[in-house]
Amino acid sequence: MNVSKKIIVNHLISGEMKIGEEIGLKIDQTLTQDATGTMAYLQFEAMGVSKVKTELSVSYIDHNTLQSGFENADDHKFLQTIAAKYGIVFSPAGNGICHQVHLERFGVPGKTLIGSDSHTPTGGGIGMLAFGAGGLDVACAMAGQPFYITMPKIIKVDLKGKLRDWVSAKDIILELLRIESVKGGRSKIYEFAGEGVRTLSVPERATITNMGTELGATTSVFPSDEITKDFLERQGRADAWTEILPDADSEYDGEIIIDLSELEPLIAQPHMPDNVVKVKDIEGIKVDQVGIGSCTNSSLADMLLTAETLKGKKINQGVSFVVSPGSRQVIAMLSQSDALFNIIESGARVLESACGPCIGMGQAPKSGAVSLRTFNRNFEGRSGTKDAQVYLCSPEVALAAALTGKITDPSKYFGKKPQIKMPEKFLIDDAQFQTPPADGSKVEVVRGPNIKPLPDFSQMGADIYGKVALYVGDNISTDHILPAGAKILPLRSNLPAISEYTFNAVDKEFVARAKDIKRRYDGKKFKLEGMIVGGENYGQGSSREHAALAPGYLGIKVVLAKSFARIHLANLINFGIIPLTFGNPQDYDSTALNQEIHFENIKKTIKDGDRLFAIADGKKIKINYDFTQRQKEILFAGGLLNWIKRNA
């Protein structure tokens, strides 16, 4: 078997490893972050379980660290106390970005991990099978329930050769995005193999698996080998290592070959991670801002390269340059040497170890700015400035731009690439992690006024008379549905308040329109239900379940699209919103805003597995759906929490 199947078979609780079949997996570890964690723990509480049932669950504070009001600090206190009560390790603000810290201190090869953050597959860099998921799925895993996925295809990415100077792991994943696109990874696991794997360190592998999320992939994974062992030994965790290699005769469902020696520095242009070109083809564009960091490129290796490259040099005066180390460990080790001095002396601004500008939490560029970032997403407006032109690149390309003030091929600008010597032992100081007491039953959970209880969601009706409250195109992201940023993120635990911002960047009239539909009754015949019509890859991007919760709170009952991103599809089902697809994609063009669409006998049709049709303006439209029996029951119940309570 290949690496993916070896881990799956060791965690398989239900189903068979047949492509397209639903499988249930035992989950060993979970992680949450503070933007999604508060809701996840409210949901966990609602299940009535006295303590988490995983081997390890960690609650990280890394998103909402900008405390401009009481809301974030209140959430952090809630998360701290609920972690102590239910047996969860708490990582406070300042400890670092969840994915970087988890890789350093908690990741274990061969284990399963789900996290309420879409970049949880970072753990694949250490040989874990790690999945991003909605908070409710994470809550279920903490309660001892399986995590359900559709058995994906496993694609071998055969890495040949070795990277040249000034070409990096970031260029490998950008090349894969160029080949596959942001929707090419749906229902796929990318498993990396070949001679080139042995040339990549664990942080480099983690950069690749982190951005595998942008492919729409189920997850990405590397083998656990001697490189993995070396990383864990340096972290003082040698006992966590297990060798997991593909068998010599492993079979895969497809193969992509990338010759590392032929790669050149690449860059993703606005406003999509797959809009990839060679840096040399767009050289000379003036740059206003450069950022190095995020969960993609904030490791000690990235920071040491940054420090060595900047040594004795000054940042271009036309550039605002920020650096955010990924963890307390990284910034502490930088401070033990001249590395931090080199970064500061160059004119760089050093930010705290947090997600920061990657989620629009500070460092919004100026109007119309060109911003080069080593982050993982460049969706329009995500930076906090709607007309900013955000490019994604490697630290090497970012450094060349910071020094020259324009997009520059680093292989032309710099000489020989500095050889970074990694320490034999990393600085180990776990004192900031708060380990829960053996018995947390007496711990009082502190709830601030911004933390609101979960709403009730209604069961699915026999018929649905929908009215289109929003009509959108392809690649609608969860940032489009419910943005991040310093203004909106603090409301994540207050659904009534945050729902007011739903689709605010797409259609400012949506909230009022959805509320109006929710209020309308025919009086005798039926109640209108709100619905959304979308194009391909609807719901791509982050795992934020609020992108399903908020529309559901506003009365949206159906999303009809050409296709869905995996995590958002699961989130819609979890909150009782019915995800349907067009049987004939051209029917998308015949639907419109404010159109009324009738789904007659929808509940019975789905229950029996019969062909579903909708009636719009007297025309019969063929509708597709693909639900397991478990998903049908969840939808009929009005969502996963209702289903769990019913089956408890």
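The model is predicted, so local features need pLDDT of at least 70 and side-chain atom pairs count only at pLDDT 80 or more, while totals for chains, interfaces and linings use all residues. Residues are numbered from 1 along each chain as its sequence is written, and side-chain values use heavy atoms, leaving out hydrogens and water.

Take the sheet to begin with. Three strands make an open, antiparallel sheet in the order S1-S2-S8 (strands are DSSP E runs of at least two residues, helices H or I runs of at least four, numbered from the N terminus; pairing takes at least two DSSP bridges). At the edges sit S1 (12-14) and S8 (147-150), each pairing on one side only. Neighbouring strands are turned by 45 degrees on average, direction ignored. Helix H1 (residues 3-11) packs on this sheet and touches S1 and S2, its direction making about 55 degrees with that of S1 (contact means heavy atoms within 4.5 Å; axes are lines fitted to C-alpha atoms, for helices over the stretch in contact, with angles from 0 to 180 degrees between N-to-C directions).

As for rings, there are 13 aromatic pairs (Phe, Tyr or six-membered Trp ring centres within 6.5 Å; planes under 30 degrees apart are stacked, over 60 edge-to-face, the rest tilted). Phe106 and Phe433 have ring centres 5.1 Å apart and planes at 70 degrees, so they count as edge-to-face. Both are buried (under 20% relative accessible area, 1.4 Å probe, protein chains only; exposed is over 50%, partly exposed in between).

Finally, the charged end of Arg630 sits over the ring of Tyr148, 3.8 Å from its centre (Lys NZ or Arg CZ within 6 Å of the ring centre and within 35 degrees of the ring normal).
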